[in-house]
Amino acid sequence: MGPAGGEALPARAARDATAFEPLVVRRSAAPHGYVAGRAPGASGDLLAEAPLQAYAARRGFDATRGHARA
């Protein structure tokens, strides 16, 4: 995935609320899979708050701190 859609998306979402939804859609599969494997019946409930918390904190994103998975 190139910079326009990959690493640039979190930085863009920090400044532009309209870029946040594509970020959540693109990045939600991995956490959902992780939680579904450990709490199969509750993954939706457990992950419902995560996008809300991320949206509220999006302006504090600092691209210079590196990738979250690093």
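Me: Where is Arg58 found?
Reply: This is a predicted model, so please read every position as part of a prediction. Helix H5 covers 50–57. Arg58 is found in the segment after helix H5.

Me: Which side chain of opposite charge is nearest to Arg58, and how far away is it?
Reply: Arg58 is buried, yet it has no salt bridge. A salt bridge would need a side-chain nitrogen of Lys or Arg within 4 Å of a carboxyl oxygen of Asp or Glu. For Arg58, the nearest side chain of opposite charge is Asp16, at 7.2 Å.

Me: Which residues does Arg58 touch, not counting residues up to four places away in sequence?
Reply: Neighbours up to four places away in sequence are set aside here. Phe20 is one of the partners that remain, and the list of contacts for Phe20 includes Arg58 in turn. The residues touched by Arg58 are Ala13, Ala14, Ala17 and Phe20.

Me: What else does Phe20 touch, with residues up to four places away in sequence left out?
Reply: Besides Arg58, Phe20 touches Ala13. Phe20 and Ala13 also both belong to the largest nonpolar core.

Me: Which residues make up the largest nonpolar core, and which elements give two or more residues to it?
Reply: In soluble globular proteins, nonpolar side chains tend to be buried together. Here the largest nonpolar core has 5 residues: Leu9, Ala13, Ala19, Phe20 and Leu23. The elements that give two or more residues to this core are H1 and helix H2 (20–27).

Me: How do the axes of H1 and H2 cross, and what is the handedness?
Reply: The two axes come within 8 Å and cross at roughly 145°. On the H1 side, the contact is made by Leu9, Pro10 and Ala13, while H2 brings Phe20, Pro22, Leu23, Arg26 and Arg27. As for handedness, the crossing of H1 and H2 is left-handed.

Me: Is Arg59 buried or exposed?
Reply: Arg59 has its place in the segment after H5. The cut-off for exposed is over 50% relative accessible area. Because its relative accessible area is 65%, Arg59 is exposed.

Me: How far apart in space are Arg59 and Ala11, C-alpha to C-alpha?
Reply: Along the sequence, Arg59 and Ala11 are 48 residues apart. There is another pair to look at too: Arg12 and Arg59 are 47 residues apart in sequence and 9.9 Å apart in space, C-alpha to C-alpha. For Arg59 and Ala11, the C-alpha to C-alpha distance is 8.9 Å.

Me: Why does Arg12 count as partly exposed?
Reply: Arg12 is found in helix H1, which covers residues 8–15. Arg12 counts as partly exposed because its relative accessibility is 34%.

Me: How far is Ala57 from Ala14 in space, C-alpha to C-alpha?
Reply: Ala57 is found in helix H5 and is partly exposed, with a relative accessible area of 48%. In sequence, Ala57 and Ala14 are 43 residues apart. In space, C-alpha to C-alpha, they are separated by 8.5 Å.

Me: Which residues does His32 touch, not counting residues up to four places away in sequence?
Reply: His32 is found in helix H3 (residues 29–38) and counts as partly exposed at 39% relative accessibility. Its C-alpha atom is separated by 6.6 Å from that of Ser43, 11 residues apart along the chain. The residues that His32 touches are Ser43 and Leu47.

Me: Is Ser43 buried or exposed?
Reply: Ser43 is found in helix H4 (residues 43–47). It touches His32, Val35 and Ala36, not counting residues up to four places away in sequence. With a relative accessible area of 6%, Ser43 is buried.

Me: How many helices and strands does the protein have?
Reply: Read along the sequence, the pattern is α-α-α-α-α. Of the 70 residues, 17% count as buried. The count is 5 helices and 0 strands.

Definitions and conventions. Residues are numbered from 1 along each chain as its sequence is written. This is a predicted model: local features need pLDDT of at least 70, side-chain atom pairs count only at pLDDT 80 or more; totals for chains, interfaces and linings use all residues. Side-chain values use heavy atoms; hydrogens and water are left out. Helices (H or I, at least four residues) and strands (E, at least two) are DSSP runs, numbered from the N terminus. Buried means under 20% relative accessible area, exposed over 50%, partly exposed in between (1.4 Å probe, protein chains only). Lys and Arg count as positive and Asp and Glu as negative; His and the chain ends are not counted. Contact means heavy atoms within 4.5 Å. A nonpolar core is a set of buried Ala, Val, Leu, Ile, Met, Phe, Trp, Tyr and Cys residues joined through side-chain atoms within 4.5 Å. Axes are lines fitted to C-alpha atoms, for helices over the stretch in contact, and angles run from 0 to 180 degrees between N-to-C directions. A crossing is left-handed if the near helix is turned anticlockwise from the far one by less than a right angle, and right-handed if clockwise.
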